[in-house]
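User: Hi! I'm new to this structure and would like a friendly walk through it. Could you take my questions one at a time?

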Amino acid sequence: MASKVNTNNKHYDVIVVGAGLIGLAAVIALAGQGKHVALVDAKSKPKCYKLDKIWDSRIYALTPSTESWLIQKGVWQHIDLTRIQYVESMALWSSENVSPLQLHASDANLTKLACIIENQNLMQALWGQIEVLNIPMFMGSELQSIVQDDDKVVLRLGKNSELTAQLLVAADGANSSVRNTLGITTNTKDYNQTALVANYSVNKSHRSVAMQWFRPHETLALLPMPDKYMSMVWAMSTDKAVKLLTLTKDALAEKVRQASHGMVGDLEPISDTLSFILRQVTVSQQTEQRVVFVGDAAHQVHPMAGQGANLGFRDIIGLEKIIQSSHPLQDIGDAFFLRQYARGRKADIMRMNTLTSGLDTVFALESKVLMRLLSLGMQQLDKYGSIKRVLIKQAVA
């Protein structure tokens, strides 16, 4: 029996599933190229975009290239600039008793290494630009099924709604409904670690320095925020994290002060403490028939390098560039086009997976002799400007 024709069918060049950071960025980028784009998300559209007075515990360290791209896309005009902080240098410790490796923006003729920004600040800016572009949205719409045809992809949503497009961009996060619906597998590495995240007021100036301590299977980062605020990301064994989460906020702040050797003085909690299980997850295939996976739907990396959000934004930049260089009549959902995209992104994703896994493995070494050698190595690196410039260029790519 022939199926009933759905009179609610709407056709687009691109459908983006997922209204998080990377999904909204994809909509803005592709709509800016003249593509007819629709946004789909199971959650309802936010009612307002006003920033909460309480500092968001989730923060990102955007590279200068990511910030520059967001400026080009018109997103930065919606940012509350009073709530961002530029990082001018980094101090990295590999041991308790040695001087840190210091990386200064000026070492590579840069004005900054990163921009620290809250999740809510960046999200409200992305939504602000979405409003400017007047994007058709299907919010609060649960994905029912996906049908991949030779010439289109069909999304069936709730309430008898059906959308079609040349290309489906899956930007719906680590638990991607698109990935699950299509039965796409992932390669997963469990670090047996949990990250604790919180914000603090400190009584010593951070001097726009991002600080990071590497210990066996553990990393503590204190990232500068405006005024005398700092954001903590502390990755550790899950067993240790569970114990620390039983502490009061003030008791945990004292643990952070001790672990950071009082570099920023006493810490006063100004947010709740969040926790995240850490895994490295990579989709087995970044593209499928008329489908591309981006952001956390495609890859999750260890927060040690602070590059998860930047990696997702680079997915969108890569997709935008390949569309920009294609013929105006190019079918952007065909297999050849998507293979080009996947090839272009492979090296960057592999590099980041190798970097974060490699650092975690190196600093998980329990041998005091090996740790001492690593510490001496970092001290030697601090003497060579040319090597430091290479490290900085890699960090801000």
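This is a predicted model: local features need pLDDT of at least 70, side-chain atom pairs count only at pLDDT 80 or more; totals for chains, interfaces and linings use all residues.

User: What share of the residues in the protein chain is buried?
Analyst: A residue counts as buried when its relative accessible area is under 20%. The protein chain has 397 residues, and the buried ones make up 51%.

User: Among contacts with a separation of 6 or more, what part comes from residues 24 or more positions apart?
Analyst: Start from the contacts in the protein chain with a separation of 6 or more. Residues 24 or more positions apart account for a share of 74%.

User: In what order do the three strands of the open sheet lie?
Analyst: E7 pairs with E3 through four bridges, and another four join E7 to E4. The pairing is antiparallel, and the order is E3-E7-E4.

User: Which strands stand at the edges of that sheet, and how much does the sheet twist?
Analyst: Strand E3 (59-62) and strand E4 (84-87) each have a single partner strand, so one side of each is without a neighbour in the sheet. That makes E3 and E4 the edge strands. From one strand to the next, the twist averages 25 degrees.

User: Which residue of E7 is the bridge partner of Tyr 86?
Analyst: E4 and E7, the latter spanning residues 114-118, run antiparallel. Within this pair, Ile 84 faces Ile 117. On the other side of the sheet order, Leu 62 stands opposite Cys 115. For Tyr 86, the bridge partner in E7 is Cys 115.

User: How many of the residues of E7 are buried, and which ones point each way?
Analyst: E7 is mostly covered, with five of its five residues buried. Ala 114, Ile 116 and Glu 118 point one way. Pointing the other way are Cys 115 and Ile 117.

User: Is Trp 55 buried or exposed?
Analyst: Trp 55 sits in the loop between strand E2 (37-41) and E3. The limit for buried is under 20% relative accessible area. Trp 55 has a relative accessibility of 12%, so it counts as buried.

User: What is the distance in space between Trp 55 and Ile 270?
Analyst: Leaving aside neighbours within four places in sequence, Trp 55 is in contact with residues including Arg 83, Glu 118, Asn 199, Tyr 229 and Ile 270. Trp 55 and Ile 270 are 215 residues apart in sequence. Their C-alpha to C-alpha distance in space is 7.4 Å.

User: Which strands pair with E17, and over how many bridges?
Analyst: E17 runs antiparallel to strand E20 (residues 299-300), with two bridges, and there Val 281 stands opposite Gln 300. E17 also pairs in the antiparallel sense with strand E12 (residues 186-202), where Gln 193 faces Leu 278. The bridge counts are two for E20 and 10 for E12.

User: What is the phi of Asn 192, and what is the phi of Arg 207?
Analyst: Most residues other than glycine have a negative phi. Asn 192 lies in strand E12 and is exposed, with a relative accessible area of 52%. Arg 207, in the loop between E12 and strand E13 (209-215), is exposed at 52% relative accessibility. Both have a positive phi: near 55 degrees for Asn 192, and about 55 degrees for Arg 207.

User: Which element gives the largest share of the lining of the second largest pocket?
Analyst: The second largest pocket has a volume of about 230 Å³. Of its 13 lining residues, the closest to the centre include Thr 282, Gln 286 and Lys 346. Strand E17 (274-283) and helix H8 (335-363) are the elements that give two or more residues to this lining. The largest share, six residues, comes from H8.

Note on methods
Residues are numbered from 1 along each chain as its sequence is written. Side-chain values use heavy atoms; hydrogens and water are left out. Two strands pair if DSSP finds at least two bridges between them. Axes are lines fitted to C-alpha atoms, for helices over the stretch in contact, and angles run from 0 to 180 degrees between N-to-C directions. On a 1 Å grid over the protein atoms alone, a cavity is a set of points where a 1.4 Å probe fits but cannot get out, and a pocket is an open set with protein on both sides within 12 Å along at least five of seven lines; lining residues have an atom within 4 Å of a point. Grid points are joined across faces, edges and corners, and a volume is the space filled by probe spheres set on the points. Buried means under 20% relative accessible area, exposed over 50%, partly exposed in between (1.4 Å probe, protein chains only). Contact means heavy atoms within 4.5 Å.
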